[in-house]
Amino acid sequence: EVTIRVMAATGLVARGRAEGFPVLIEALTDDSALVGHEPPEQAWHRATTVLMRFTGQGELGPPLDADNTQRAAAQERWRNWLADSGDNLTFDAEAFLWRTT
């Protein structure tokens with residue numbers, strides 16, 4: 001269930017647990033509507049806002065009005081970011097922000 005996966009991954013990332021990143025990155029191409037969200041929200045939209053919020057990496061995208069091609073390209077950029085930065089990521093609990101060391 002995509003709603004549970006996205007919300008759980010959000011909680012992990014927000015609490016300094018990097019294992020939520022792959023789930024959020026995978027959701028960037030998921031058009032499913034999240035259950036219980038008012039106003040309605042798609043999985044990819046929530047994943048985008050969470051990734052940007054907790055990393056400060058807004059340039060990786062996708063834009064919030066992205067089409068499928070833009071979302072797939074952003075997904076690849078986020079995968080590369082995680083592969084390149086994963087071992088050097090630390091969580092700043094005061095700022096609620098992931099940083100590369």
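Good morning. Keep in mind that this is a predicted model. Let's start with charge. Side chains of opposite charge can pair when their charged atoms come close. I will walk through three of them.

Take R17 and E19. They form a salt bridge, and their closest N and O atoms are 2.4 Å apart. How accessible are the partners? E19 has a relative accessible area of 40%, so E19 is partly exposed. R17 is partly exposed too, at 43%.

Next, R79 and E26. Here the closest N and O atoms of the salt bridge are 3.1 Å apart. Where do the two residues sit? R79 is in helix α4, residues 68-85. E26 is in helix α2, residues 21-27. That puts them 53 residues apart, and the pair links distant parts of the chain. R79 has 35% relative accessibility, which counts as partly exposed. E26, at 48%, is partly exposed as well.

Now D31 and R71. Their side chains meet in a salt bridge, at 2.7 Å from N to O. D31 lies in the loop between α2 and α3, while R71 lies in helix α4. The two are 40 residues apart in sequence, so this pair ties those parts together. Is each partner buried or exposed, or in between? D31 has 38% relative accessibility and is partly exposed. R71 has 4%, and it counts as buried because the cut-off is under 20%.

One more point on charge. Some salt bridges share partners, and these join E26, E76 and R79 into one network.

Let's turn to the helices. Two packed helices are described by the angle between their axes and the distance between the axes. Our pair is α3 and α4. What are the values here? The angle is about 35°, and the axes are 12 Å apart. The crossing is left-handed.

Which residues make the contact? From α3 come W44, L51, M52 and T55. From α4 come R71, W78 and W81.

How values were computed
Residues are numbered from 1 along each chain as its sequence is written. This is a predicted model: local features need pLDDT of at least 70, side-chain atom pairs count only at pLDDT 80 or more; totals for chains, interfaces and linings use all residues. Side-chain values use heavy atoms; hydrogens and water are left out. A salt bridge is a side-chain nitrogen of Lys or Arg within 4 Å of a carboxyl oxygen of Asp or Glu. Buried means under 20% relative accessible area, exposed over 50%, partly exposed in between (1.4 Å probe, protein chains only). Helices (H or I, at least four residues) and strands (E, at least two) are DSSP runs, numbered from the N terminus. Axes are lines fitted to C-alpha atoms, for helices over the stretch in contact, and angles run from 0 to 180 degrees between N-to-C directions. A crossing is left-handed if the near helix is turned anticlockwise from the far one by less than a right angle, and right-handed if clockwise. Contact means heavy atoms within 4.5 Å.
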